[in-house]
Amino acid sequence: MRYLVLAILLVTFFTACNSKEESEKAKKTVVKKEPIIKEYGFTFNDFKVVRDTIRSGDTFGKLLEKYPLKDSLRIHDVTEKVKDSFNVRRIKAGKPYIMFLDKKKPNTLQALVYIEDRINFTVVDFRDSIVVSNKQKPTTLKRRVVAAEIEGSLSETLSNAGVSAGLANKLANIYAYTVDFFKIQKGDKFAVTINERYIDDSIYVGVESIEASYFEHKGKKIFAFPYKLSENQKYEDFYDENGKGLKSMFLKAPLDYFRISSRFSGRRFHPVQMRFKAHNGTDYAAPHGTPIKTTASGVVERTGYTAGNGNFVKVRHSSTYSTQYLHMSKISVRNGQRVSQGQVIGKVGSTGLATGPHVCYRFWKNGVQVDPLRLKLPNAEPMNESHKQKYLAHIAPLKKELDSITAVKFKE
Ligand SMILES: [Zn+2]
């Protein structure tokens, strides 16, 4: 009996000891175990991995000098072999790269990964024959509708809603002709259906495209849907729920920030000439050097200098419309040049007959000078009936989706 008790005690003792040892062993293996890192098609754990950044003066050849190459390989041969698929001159200072080395001495170079950007990378693999491949990380698009009540600025509201700030610029561009973002106020709302790109399903890249949106200012919703009228069109234009273009043919003014110092009038006292005469333009006062933008796309018809106009540019937009910009300190376009709406064509100055820096903006309709501030100006490219039917069918479900979602307040 006594022996039995002792035996049980001994067994218990040894068992206890054993299990303690075992758990410690287990702990050790847990600590030792490295996480498996897989990226760019390599299992990092299988190599000695060196991450570095291209420095100025680095060449592809110089990178290859850092570690031994496989027995028979010479740098010159590698560069020759690689050049068809990887432009080695393309490597730029500041870009990261990774070298995968053999874990055993003398650490021969097994592969080099040049990282172009968050998505694109090039792999030069030396393991068998030299293989170069330009690759992309797998990315996915996720679609969602963001509907928010404006709190502060548009970009603040978007950042509270967890959307990249780039969307604010996209929306500002879409609504540049219809919403004055300096006047947005509390209670204004917007909703936007976006596709956002992610790398490996988890790393946020940003907003890739907009499918639909509305902006509600003082209770009025302005819808915008991207649409191409023809397949050849490179970028979509935005139209409202009735197929009317959101981009007006003319910008409201040739300057972003200005003060109208003199309006178009049949008779005004000329401050330099000291007499009454017609003023066939609108004067926008702004600091010397402020960029002047062409208010619509077209072709530069004339540039030059006259004693009265100073440096000037005239742009022909269509058979009906032309505009002219006077008193420039600098002209940035030449005759015959094609310009697009909003493009900078010169800078504000006070050349010619001018008392201070301003741009005199002149507007022709069918060869007659008119006041653009009094004109009902046309929208670019009205949609024809057959386009319109297709367009309305396309936007119907998108609009329904936006209307069904309530704009909420996103708090920081
Ligand atoms: Zn003027």
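Six helices and 25 strands make up the secondary structure of the chain, where helices (H or I, at least four residues) and strands (E, at least two) are DSSP runs numbered from the N terminus. The model is predicted, so that local features require pLDDT of at least 70 and side-chain atom pairs pLDDT 80 or more, whereas totals for chains, interfaces and linings use all residues. Residues are numbered from 1 along each chain as its sequence is written, and side-chain values use heavy atoms, without hydrogens and water.

Of the 412 residues in the chain, 39% are buried (under 20% relative accessible area; exposed, over 50%; partly exposed, in between; 1.4 Å probe, protein chains only). Contacts (heavy atoms within 4.5 Å) between residues at least 6 apart in sequence join residues at least 24 apart in 61% of cases.

Helix 5 spans residues 166-174, and L167, A168, L171 and I174 are buried in it. These buried residues line one face of the helix, because they fall within an arc of 125° seen down its axis, the arc being that of the directions from the helix axis to the C-beta atoms. They pack against helix 4 (154-160), strand 9 (189-199), strand 10 (203-217), strand 11 (220-227) and strand 12 (237-239). On the face turned away from the buried side, N169 and N173 are exposed.

A zinc ion is coordinated by H279 (NE2), D283 (OD) and C360 (SG) at 2.0 to 2.3 Å. Donors are N, O and S atoms within 2.8 Å of the metal (3.2 Å for Na, K and Ca); water is not among the atoms, so sites may look incomplete. Along the chain, the zinc donors follow the spacing H-x3-D-x76-C. H279 is buried at 3% relative accessibility, and D283 is buried at 6% relative accessible area.
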